[in-house]
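Open the model in your viewer and keep the selection panel at hand. We will go stop by stop.

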Amino acid sequence: LFRTYQARENASINCKIWEAARATTAAVTFFKRIAIGQEEFIDAGIKCNNPAIRLLTEAQDVFGGNRSLNCLVSIGTGHPRVIGLSTPNVFQNILPTNVIEVLKQIATGCEGTAHELSQRFKEAPGSYFRFNVTH
């Protein structure tokens, strides 16, 4: 996570907001990794496609459980479904089918998190917003 506050562990690198945005979009198949200071960053989509729940957990650890949430904004990519490839390409021919299926599940995991958060905050209208690009 990129932070504007001091964390107890896993401290963030001090960077400009455009660098943080660029680092979070450095998906291997779309954009190159980015170097900020002495570190190189790539997209965390394989491990943490939608970090909103991780953010809430860290906020509770840092600020305490007695604080209330004012607003959480989650920005999606606009792809709530898997985008299929119509004919096998070189990539599909190299990877086994079961690996491709796992990658598809990972790609759609962010919308599951968004749905979970929507349910979690349904009793607190105006505190959770999820935006996706319309295609």
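Select Arg33 and Glu40. Both Arg33 and Glu40 are exposed; exposed means over 50% relative accessible area, buried means under 20%, and partly exposed lies in between (1.4 Å probe, protein chains only). Arg33 makes a salt bridge with Glu40, with 3.4 Å between the closest N and O atoms. The criterion for a salt bridge is a side-chain nitrogen of Lys or Arg within 4 Å of a carboxyl oxygen of Asp or Glu. Searching the whole structure gives 1 salt bridge.

A word on the source: this is a predicted model, where local features need pLDDT of at least 70, side-chain atom pairs count only at pLDDT 80 or more, and totals for chains, interfaces and linings use all residues. Residues are numbered from 1 along each chain as its sequence is written, and side-chain values use heavy atoms, with hydrogens and water left out.

Now switch to cartoon. The protein chain has 5 helices and 4 strands. Helices (H or I, at least four residues) and strands (E, at least two) are DSSP runs, numbered from the N terminus. Trace the chain from the N terminus and the order reads α-β-β-α-α-β-α-α-β. Of the 135 residues in the protein chain, 21% are buried.

Zoom to helix H1, residues 17-24. Which residues of helix H1 are buried? Pick Glu19, Ala20 and Ala23. They sit on the same side of H1, because their arc around the axis is only 100°; the arc is that of the directions from the helix axis to the C-beta atoms. An α-helix has 3.6 residues a turn, so residues three or four places apart point the same way.

Asp43 is in the loop between strand S2 (39-41) and helix H2 (45-48). Its relative accessible area is 27%, so Asp43 counts as partly exposed.

Next, the rings. There are 2 aromatic pairs in the structure. First, show Phe121 and Tyr128, a stacked pair with 6.0 Å centre to centre and 20° between the planes. Rings of Phe, Tyr and Trp (its six-membered ring) pair if their centres lie within 6.5 Å; planes under 30 degrees apart count as stacked, over 60 as edge-to-face and the rest as tilted. Are these two residues buried or exposed? Phe121 and Tyr128 are both buried.

Then show Phe129 and Phe131. They form a stacked pair at 6.4 Å centre to centre, with 5° between the planes. Phe129 is partly exposed because its relative accessibility is 32%. Phe131 is partly exposed at 46%.

What do Val73, Ile75, Phe129 and Phe131 make? They make a nonpolar surface patch of about 410 Å². Patches are made of residues with over 30% relative accessible area and no salt bridge: like charges are joined within 9 Å, nonpolar side chains (Val, Leu, Ile, Met, Phe, Trp, Tyr) within 5 Å. Strands S3 (72-75) and S4 (128-131) each supply at least two residues of the nonpolar patch. Ile75, in strand S3, counts as exposed at 70% relative accessibility.

Last stop: the cysteines. Cys15 is partly exposed at 23% relative accessibility. Cys71 is partly exposed at 41%. The structure has 0 disulfides, a disulfide being a pair of cysteine sulfur atoms within 2.5 Å.

Key:
Accessible areas come from the Shrake-Rupley method with a 1.4 Å probe; for residues, only the protein chains shown count as cover.
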